[in-house]
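Me: Could you go through a structure with me? I have it open on the screen.

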Amino acid sequence: MTAKESKIGLVMAGLLLSILMASMDNTIVATAMGTIVADLGDMEKFIWVTSAYMVAEMAGMPIFGKLSDMYGRKRFFLFGMIVFLIGSILCGTAQTIEQLSVYRAIQGIGGGALVPITFTIIFDIFPPEKRGKMTGLFGAVFGLSSIFGPLLGAYITDYISWHWVFYINLPLGITAFILILANYKESLEHKKQSIDWLGAVTLVGAVICLMFALELGGNKYDWNSVQILSLFSGFALLIIIFLAAERKASDPIVSYDMFKNRLFAASTLVGLFYGIAFIVASVYIPIFIQGVNGGTATNSGLILLPMMLGVVVSSQVGAIFAAKLGYRNVMTVFAVIFAAGMYLLTTIDTGTSRTWITVYMVIVGLGTGASFSVLSMAAIHHVDPSNRGSANSTISFVRQLGMTVGITIFGIIQRNDFTDKMKEAFSGFGKMAPGTGNIDDPRAILSQELRSKIPAPVLDKITDALAGSIAHAFTWALIPAALVVVFVFMLTNDKLSMPQGKKESTQS
């Protein structure tokens, strides 16, 4: 191995650590949230902890992507890592929910720089013939993080302390920082551009309004309340201003010209609907296992391990075959597998065995993994190197937005259906049924201690309602899964090994 190859290997190690840390952070914290709320209090404010991170991360992705194109990848990668680690330290010292929410926003700013720039660096340092394998590796790590995050979070919370959910980032982040600082040498020339401040401010504001409207609507406030209507109005107004600003800006954060490229536009749309559907499966299968079958939080998380294996395998296989068969051919196969897996999930009920659920999850994982690697490659296939950061951050932003909006919308669908089924099952008891507590709170049967005190006939009705509501959510999730298949056909069949400057007219 030459000295240059050795340095590239060390850069890869640093990038892998950073993507693992940043992408795992949200899921690992979600597992510990119950314990954090019990310690810090303010149950009604806990949604701000998750929302603050996701809003800051999503809003930062396109901004840092553009800045990395203008001034270089390395400086903004290192900046993002420093901010992320500072936020992690502060989160571990939080004394109130309000403090934790602010510190999570700081973390999110760092994460918004790390995720898109990491993928962009891969395309800068590797030639086209090697990008498939490398991107597949990073796609596999991204899939692993979504599975191991909850398991690690549960273990740390149960056996150490919730504070270490944040402190565990320090050794990973510091190692990645040193590896990139010492070994990554940029060779691309970066063009100076003006910063689109109006676009940045209105994008951040629009995302904040949408996130909190979806989080608070139907929960803390009625959907037709002044607060929620004001948030949706604010989102609509700001997004209109943002779109107008991007049209007039000399160097927009999100360039309309990129969406004129069929391959980029189709990849972004496919990624959006993948994000919406995949997050539903990831969240509700563990709840099904824990609430219907009566497993512990850690055991319910283990059910996702087969899906993780499917994600890892298809991420690698998809990236490799994209170079041989073309983006559209490869993604068509995996999109159909994904839709089939989502359909099978609609059939689950209280009688579905753990074995069959495992089979369904493997199918969903196999259908999903390729999207992490192949879509990232396809999105920037025809993009000039000086705009790769913007292109990669845009598709990452859209997928993350899909996951965030998806879990909120389908959470509302599942919660409302569960409540209706419970009221129907226990009509005549009002809101209280013998041994159930508040029937509007499905978390009652997620606790083994509380579950053991519920009479068997009552527990059967509750589990039937929970299983039915989750299957109902999966049924609605078939819509984005079907749209994945539809928009996959919009992809062109370019191959990874083709020259990046190949014109659209040569596409099939």
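Predicted model: local features only at pLDDT ≥ 70, side-chain atom pairs only at ≥ 80, totals over all residues.

Me: What is the mean pLDDT of the protein chain?

Reply: The mean is 80, and 82% of the residues reach 70 or more, where pLDDT is the predictor's confidence in each residue, from 0 to 100.

Me: Where is confidence lowest?

Reply: In strand β1 (residues 432-433), at a mean of 46, whereas helix α19 (residues 478-488) is highest at 95; helices (H or I, at least four residues) and strands (E, at least two) are DSSP runs, numbered from the N terminus.

Me: Switching to α9, which of its residues are buried?

Reply: I228, L231, G234, F242, A245 and E246, with buried meaning under 20% relative accessible area (1.4 Å probe, protein chains only). What covers them includes α8 (197-216) and α10 (256-259).

Me: And how many residues does α9 have?

Reply: Helix α9 (residues 226-248) has 23 residues and reaches 33 Å from its first C-alpha to its last, close to the 33 Å expected at 1.5 Å a residue, the expected span being 1.5 Å times one less than the number of residues.

Technical notes: Residues numbered from 1 in each chain as written. Heavy atoms only, no water. Buried < 20%, exposed > 50% of the residue type's maximum accessible area, 1.4 Å probe, protein only. Contact = heavy atoms within 4.5 Å.
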